[in-house]
Amino acid sequence: MFKEARIKLTAYYLIIIMAISLVFSVVIYKESTFELDRIERFQKYRSPILNEIRDRIITRLFYFNLLILGFSGTAGYYLAGKTLDPIQKNMEEQKDFVSSASHELRTPLTALTTELEIAIRDPEVKNKEILKSNLEEVNKMKRLTDYLLRLNKMENGLTDLEFKKVDLAEVSRKVIGKNKIQTDLDQTIINGNEDSIFELVSILLDNAKKYSKNIKDIKVATKNKTLIVGDKGVGIPESDLPHIFERFYRGDKAHSEDGYGLGLSIAKQIADLHGAKIKVESKVGIGSTFKVIFS
Ligand code: ADP
């Protein structure tokens, strides 16, 4: 991600510097040939020497621009690296913090779950409704820490996934189970990790269910190495679309639903790990279609 940003930044530096350099070159050429043109006009004939001087000015300006291009390209790349360095460090520190915090939280949360489960089963304990609600909240927190740990592992390339031939249609069928949704599942084989693909389909299908009123309006299709999950739900506003794959991003309408804004970031990571592209088309009030295109 940072390599891409560094190259982009270098390109921006280069565009600005080269635009300035080209403008100056034109001015220098015009200024220097102005006098030559005057001499020519005065002599009233085209002198070959003056033409040679003009050609020489153009050649020199060309080499001068080439030199600037090479120099500013190298310097720009170096400076872009220096500019992005603190941001990269900051992001890495942030990720490390999230990962350590999630790790540290897991043990007490597991202990809490066990104790709450024991207390709920104990006939002498009263106010079980409160304990059950506590257990639900603790389980939500555990799910959040699990999500964060998995996301971190994937982002840092720490997942040692076993890839083999996987049929997208078969995995989708397993995820769909007994859900009464529309399907159009053609066998389409890709090279991938079955568990991750299962998780990817689950995330897209869970979202479709979460953000649609009628489960019958949801459709899962597989063909030509592409997985398509479509719904006729609330849709995503255009201003949200560039952000929905970011960690913790939740649309305005999502706040009434359960979730942490991590599902689609995990889906994107899984797609990235498979070299697949994930695309979304959506209109508010009409619905959303997510496509994952494998190669
Ligand atoms: P979560 O669903 O937990 O909020 P996600 O990362 O799965 O987090 O999704 C991010 C945001 O994208 C959601 O908050 C929601 O605004 C939007 N979104 C995702 N899928 C859909 C969908 N099928 N229909 C409408 N909005 C969606």
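I'll talk about helix packing, and then about the ligand.

One thing before we start. This is a predicted model.

Let's begin with helix H1, residues 2-43, and its partner H2. How do they meet? Their axes come within 7 Å and cross at roughly 160°. Angles over 145 degrees count as roughly antiparallel. So H1 is roughly antiparallel to H2. As for handedness, H1 passes H2 in a right-handed crossing. Now look at the residues in that contact. There are 27 nonpolar, 13 polar and five charged.

Next, follow H2 to its contact with H3. Helix H2 covers residues 48-121, and helix H3 covers residues 128-155. The two pack at an angle of about 150°. Their axes are 8 Å apart. Apply the cut-off again: over 145 degrees is roughly antiparallel. H2 and H3 are therefore roughly antiparallel to each other. And the handedness? H2 passes H3 in a left-handed crossing. The contact of H2 with H3 has 13 nonpolar residues, nine polar ones and eight charged ones.

Now the ligand. How many residues surround the ligand? The number is 21. The closest are Asn 207, Tyr 211, Asp 231, Arg 250 and Leu 264. Find those five on your screens.

What kinds of residue form this shell? Eleven are nonpolar, seven are polar and three are charged.

Let's go down to single atoms. Start with Tyr 211. One of its polar side-chain atoms lies 2.7 Å from an oxygen atom of the ligand. Leu 264 uses its backbone instead. A polar backbone atom of Leu 264 is 2.8 Å from a ligand oxygen atom. Gly 263 also brings in its backbone. There, an N or O atom lies 3.3 Å from an oxygen atom of the ligand.

Is the ligand covered or exposed in the model? Taken alone, the ligand exposes 530 Å². The protein buries 96% of that.

Which elements give two or more residues to the shell around the ligand? They are helix H5 (194-210), helix H6 (263-273) and strand E7 (287-293). Which of them gives the most? That is H5, with three residues.

To recap, H1 is roughly antiparallel to H2. H2 and H3 are roughly antiparallel too.

Over to you for questions.

Methods. Residues numbered from 1 in each chain as written. Predicted model: local features only at pLDDT ≥ 70, side-chain atom pairs only at ≥ 80, totals over all residues. Heavy atoms only, no water. Axes fitted to C-alpha atoms, helices over the stretch in contact; angles between N-to-C directions. Helix = DSSP H or I, 4+ residues; strand = E, 2+ residues; numbered from the N terminus. Parallel < 35°, antiparallel > 145°, perpendicular 65-115°, else oblique. Left-handed = near helix turned anticlockwise from the far one by under 90°. Nonpolar A, V, L, I, M, F, W, Y, C, P; charged D, E, K, R; others polar. Near = heavy atom within 4 Å. Polar contact = N/O pair within 3.5 Å; in protein donor to acceptor, adjacent residues only side chain to side chain. Areas by Shrake-Rupley, 256 points an atom, 1.4 Å probe, with all protein chains shown as cover.
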